[in-house]
There are 2 protein chains.
Amino acid sequence: MARPRISVFIATSLDGFIATEAGGIEWLSTVEDEHGEDYGYGEFIADVDALVMGRKTYDMVAGFDPWPFEGKRVVVLSHRDLGPAPDGVERYEGPLALLVARLGDEGTRRIYLDGGEAIRQGLAEDMVDDMTLSRVPVMLGKGRPLFGPDVPYGRWQLLGSRHYPTGLVQATYRRLD
Amino acid sequence: MARPRISVFIATSLDGFIATEAGGIEWLSTVEDEHGEDYGYGEFIADVDALVMGRKTYDMVAGFDPWPFEGKRVVVLSHRDLGPAPDGVERYEGPLALLVARLGDEGTRRIYLDGGEAIRQGLAEDMVDDMTLSRVPVMLGKGRPLFGPDVPYGRWQLLGSRHYPTGLVQATYRRLD
């Protein structure tokens with residue numbers, strides 16, 4: 001089977017954080033749109049077969065009610081037992097490349113790689129095919145950064161960008177081989 | 001006199017760096033445009049009366065030939081003597097707010113605040129009125145960041161964004177009072 005396409009779809013503050021130091025994402029509410037604008041998320045998630053995320057991200061979304069990934073396969077990269085988990089959630093421990101190959105063998109076509117740690121690992125292993133980055137017009141000063149020193153030098157191709165009345169600027173990039 | 005407007009106009013990598021660890025900006029050449037696109041810089045600099053920059057930025061631009069700020073007043077924030085300097089360059093040591101007030105008294109209408117250190121200081125003192133941020137489609141992994149932990153939490157208003165065939169995405173923000 002072909003290797004699944006690996007996609008990132010994430011929002012950061014203007015200064016590149018995905019959460020406050022305590023993990024807070026309440027600042028994202030500054031771009032909550034009264035008309036229900038979802039910034040392309042619905043279309044994106046509908047095209048995804050499986051999610052791969054780190055443990056911190058899972059522990060955060062596990063508390064969401066309703067569970068946001070109903071009907072999707074969700075793989076959590078973690079060394080520790082997950083405890084009771086929603087249907088479709090599994091734990092994985094091992095090299096990311098092996099997981100991706102296995103998901104591909106099992107029919108996964110497109111993976112949503114989510115959370116800072118998993119995204120940085122995917123970038124470090126040069127496995128991310130495309131990234132949709134949304135910049136929220138808020139400066140946090142401190143927090144949990146999206147990128148980090150293990151991300152290698154690389155050029156990306158801009159596929160498009162747009163901005164929204166809330167001030168969110170979204171750009172989509174494709175890895176340049 | 002009115003306080004001068006303080007503007008930022010700067011490019012970063014996708015991961016938020018303005019230079020490599022060694023201060024290199026050769027990665028900016030990935031968006032050098034064969035048709036001479038200047039990404040609005042000419043229009044911006046023509047509207048600026050004075051530049052305020054930190055010492056690292058000055059030491060870098062001081063080596064440019066020709067001197068890029070001919071005819072502009074350039075104030076370098078530094079504790080150390082500048083040595084021989086182009087016409088119009090002066091050194092300043094003291095609070096940024098006092099400098100800005102003095103420049104305003106002397107007729108400056110708009111200041112171009114340049115370089116990571118000066119920009120972070122301006123943001124920390126809540127003195128930046130607008131920022132034009134250009135994202136170059138390159139990931140550096142490591143380098144000199146534009147923002148930092150002394151930048152306070154704040155919301156910004158998007159004035160507009162556009163992208164270019166080179167993949168550069170530019171957005172302009174205004175401080176929300």
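Between chain B and chain A, the count of salt bridges is zero. Polar contacts do occur across this interface: ten residue pairs make them, with both partners at pLDDT 80 or more. The model is a predicted one.

Now take the extent of the contact. On one side stand 31 residues of chain B, on the other 30 residues of chain A. Together the two chains bury about 2,600 Å². Carbon and sulfur atoms give 62% of that area. Three residues stand out on the chain B side: Leu14(B), Met139(B) and Tyr153(B) supply 23% of the area that chain B buries against chain A, more than any other three residues.

Which elements of chain B give two or more residues to the side that touches chain A? They are strand 7, strand 8 (138-139), strand 10 (154-163) and strand 11. Strand 10 of chain B gives the most, with seven residues. By class, this side of chain B has 19 nonpolar, eight polar and four charged residues.

The structure holds one cavity of 30 Å³ or more. The largest cavity has a volume of about 120 Å³. Its lining counts 13 residues. Nearest the centre lie Arg135(A), Val169(A), Ala171(A), Arg135(B) and Val169(B). Both chains take part: strand 7 (130-136) and strand 11 (169-175) of chain A, and strand 7 (130-136) and strand 11 (169-175) of chain B, each give two or more residues to the lining. Strand 11 of chain B gives the most, with four residues. By class, the lining has ten nonpolar, one polar and two charged residues.

Notes. Residues are numbered from 1 along each chain as its sequence is written. Chains are lettered from A and ligands numbered from 1 in the order in which they are written. This is a predicted model: local features need pLDDT of at least 70, side-chain atom pairs count only at pLDDT 80 or more; totals for chains, interfaces and linings use all residues. Side-chain values use heavy atoms; hydrogens and water are left out. On a 1 Å grid over the protein atoms alone, a cavity is a set of points where a 1.4 Å probe fits but cannot get out, and a pocket is an open set with protein on both sides within 12 Å along at least five of seven lines; lining residues have an atom within 4 Å of a point. Grid points are joined across faces, edges and corners, and a volume is the space filled by probe spheres set on the points. Ala, Val, Leu, Ile, Met, Phe, Trp, Tyr, Cys and Pro count as nonpolar, Asp, Glu, Lys and Arg as charged, and the others, Gly among them, as polar. Contact means heavy atoms within 4.5 Å. Buried area is the accessible area (1.4 Å probe) that two parts lose on being put together, summed over both. A salt bridge is a side-chain nitrogen of Lys or Arg within 4 Å of a carboxyl oxygen of Asp or Glu. A polar contact is a pair of N or O atoms within 3.5 Å; within protein, one must be able to donate a hydrogen and the other to accept it, and residues adjacent in sequence count only if both atoms are side-chain atoms.
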